[in-house]
Every structure is written in C-alpha cells, then in structure tokens.
Amino acid sequence: MKSLFDDNIQLTAKVLDLRLMRQNIVVSNLANIKTPGYRARRLEFEEKLQAALDLEKNNKITRTNEKHLPVRFNPQKFGPDFFKDFEPRVVQGEDRVDLDKEMAIMAKNTMLYNALTQVLRKNFEGLKLVISEGGK
Amino acid sequence: MDFMTILDIGASALSAERTHLNVISMNLANVNTTQTAEGGPYRRKTVLFKAVPLETPFSREMQTALDRELRGVQVKAVVTDKRPFKRVYDPGHPDADADGYVNYPDINAVEEMANLMTALRTYEANVSAITTAKTMFNKALEIGR
C-alpha cells in the first residue's frame with residue numbers, strides 16, 4: 001500500500017529514537033564516571049537493524065505474481081540489545097568508565113542523529129514541494 | 001525515555017561534581033588549620049559518589065526495562081579522611097603540645113590539585129553531553145519546520 005508517507009520515514013523515526021536512547025545511556029555512563037563499582041552500559045542496534053532490513057529485502061513471503069502486494073517494512077520488528085559490562089575489573093583510581101570511549105560514542109551518535117533529522121526534513125520538504133507544485 | 005532524561009542525568013552529575021569541587025577547595029583552604037569547631041586540627045574530607053536510578057513512583061510503573069537501567073549520580077556522603085596528622089616541631093606555636101610539636105592536617109596540595117583537575121574534566125564532559133543533547137533537540141525541532 002502506498003501512502004503519503006514512505007516506509008523510510010518510519011524507519012528513520014525509529015532509528016532516531018534508538019539514537020536518543022543511546023545518548024541517554026552515554027550520559028548516564030558519563031555521570032557515573034567516578035562512582036565506585038559502576039559498570040558502563042551499552043546499547044547496540046545496528047546489526048539487528050541490518051538483519052531486519054535484509055529480511056524485508058529478501059521477502060519472507062514469496063510473491064508468485066508481480067501484482068501481489070509487497071511486504072512493507074515494519075520498523076517495529078526489531079529492537080535494541082542492551083549490555084552491561086559484567087567483566088570484573090579492579091583498577092586503582094576512578095577510571096571504570098572510559099571517558100574517551102564515551103565521548104567518541106557520543107560525538108558519533110550526535111552526528112548521525114543530526115544527519116538523520118536532515119534526511120527526514122528533506123523527505124518532508126520533497127512531499128511539500130510535490131503538494132504545492134502539483135496543484136498548479 | 002526522552003530528552004529531559006538526558007538533562008536530568010547531566011544535571012545530577014554537574015551538582016555532584018560541584019560538591020566535589022567545594023570539598024576540594026575546603027581541603028586546600030584548610031591546609032594549615034589547627035583549630036576547628038569540633039576541636040583539634042582540620043581533618044581532610046572526601047566525597048562518596050553513588051549511582052541512583054532516575055525514577056519517581058509514577059514513572060516506575062510506566063518505564064520500560066531499558067529506562068530502569070539509566071543511572072544518575074549523587075553525592076552519598078562527605079566523609080572524613082582517617083589519615084594521621086602531620087607533626088611539625090614548633091614550640092612557639094600556641095597550639096604546640098608539651099613536646100613542642102604542632103599537629104597539622106596531612107593535606108597534600110598536589111593530590112588535591114589532581115582531584116581538582118579530575119572533577120573539572122568530569123564536569124566539562126557532562127557539560128558537553130548536555131550541550132550535544134541540546135543540539136540534537138534543536139535538530140529534531142527542525143524536522144517539522
């Protein structure tokens with residue numbers, strides 16, 4: 001079914017949500033950088049996202065006729081994996097959370113988030129253009 | 001899980017670090033203090049941090065499993081260091097004991113400065129975390145524009 005809003009808008013929205021979750025977790029790690037006994041937490045979703053996308057591309061349902069409706073990509077079908085660093089570590093001092101690692105994850109995450117919002121914006125701009133120009 | 005959560009976590013870290021800075025500057029200020037209200041020389045203080053869940057009774061029911069893993073930070077206590085006093089021979093000092101020794105707090109300025117830098121950098125890291133969250137928020141607002 002074709003609707004006004006493409007599948008990829010839903011997908012982008014879902015990934016934006018996941019990136020926000022990751023940002024939350026990084027900030028939580030940073031806040032506890034000096035808390036004794038605190039272990040860094042991680043959120044991973046890229047692999048599952050790729051798997052979900054591939055599954056859709058390979059079409060789980062066989063289409064025997066070209067006129068059959070294709071399966072729509074459902075962004076609700078996958079979720080993130082959550083990790084806690086269980087590895088026991090005894091380190092002298094206060095460096096249980098790796099500051100460099102956290103800052104790098106945060107920077108990467110923010111940049112991708114901003115890029116995705118740009119993608120989403122362009123999508124809507126395109127829609128708007130079609131609506132305004134099509135009426136002329 | 002929303003943008004305000006990030007700001008809450010960041011703010012908890014900022015206030016904890018501020019308390020740490022206060023305690024460090026208190027230590028530095030009292031390097032040579034031999035008299036306190038509790039009697040005796042000043043004792044070095046240090047802070048204990050504690051990871052705390054970010055939840056109100058209402059949100060506890062509404063949260064997802066992921067949200068329950070988020071932790072803010074809190075200063076659990078300001079504790080007194082048990083290290084012994086530094087004894088300096090100075091018979092002319094009003095606080096000198098019978099042998100002519102004065103008890104000074106054993107505060108190492110270098111150690112305090114190192115702690116100060118750590119607290120400062122942690123503070124900065126958290127400020128930049130909040131700043132990036134704000135950029136993300138603004139970008140999200142631009143979607144609808």
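How many residues of chain A are in contact with how many residues of chain B? Before I answer, please keep in mind that what we have here is a predicted model. In this model, 34 residues of chain A are in contact with 35 residues of chain B, and the area buried between the two chains comes to about 2900 Å², with carbon and sulfur atoms giving 68% of that area.

Let me turn to the polar side of the interface. The count between chain A and chain B is 2 salt bridges, and one of them is formed by the side chains of Lys34(A) and Glu17(B), with an N to O distance of 2.9 Å. Across the interface there are also 8 residue pairs in polar contact, where both residues are at pLDDT 80 or more. As for which parts of chain A are involved, the elements giving two or more residues to the side that touches chain B are helix 1 (7-31), strand 1 (41-44), strand 2 (81-84) and helix 3 (99-134) of chain A. Sorted by class, that side of chain A has 19 nonpolar, 8 polar and 7 charged residues.

Staying with chain A for a moment, I would like to look at Arg42(A), which lies in strand 1 of that chain. Leaving out residues up to four places away in sequence, Arg42(A) touches Ile25(A), Asn29(A), Asp81(A), Phe82(A), Phe83(A), Lys101(A), Glu102(A) and Ile105(A), and with Glu102(A) there is a side-chain polar contact of 2.8 Å. Gly126(A), by contrast, is 84 residues from Arg42(A) in sequence and 36 Å from Arg42(A) in space, C-alpha to C-alpha.

Arg44(B) is in the loop between helix 1 (3-29) and strand 1 (45-53) of chain B, while Asp81(B) is in the loop between strand 2 (71-80) and strand 3 (86-89), so the pair ties together parts that are 37 residues apart in sequence.

By class, the lining of the largest cavity divides into 5 nonpolar and 5 charged residues, with no polar ones.

Notes. Residues are numbered from 1 along each chain as its sequence is written. Chains are lettered from A and ligands numbered from 1 in the order in which they are written. This is a predicted model: local features need pLDDT of at least 70, side-chain atom pairs count only at pLDDT 80 or more; totals for chains, interfaces and linings use all residues. Side-chain values use heavy atoms; hydrogens and water are left out. Contact means heavy atoms within 4.5 Å. Buried area is the accessible area (1.4 Å probe) that two parts lose on being put together, summed over both. A salt bridge is a side-chain nitrogen of Lys or Arg within 4 Å of a carboxyl oxygen of Asp or Glu. A polar contact is a pair of N or O atoms within 3.5 Å; within protein, one must be able to donate a hydrogen and the other to accept it, and residues adjacent in sequence count only if both atoms are side-chain atoms. Helices (H or I, at least four residues) and strands (E, at least two) are DSSP runs, numbered from the N terminus. Ala, Val, Leu, Ile, Met, Phe, Trp, Tyr, Cys and Pro count as nonpolar, Asp, Glu, Lys and Arg as charged, and the others, Gly among them, as polar.
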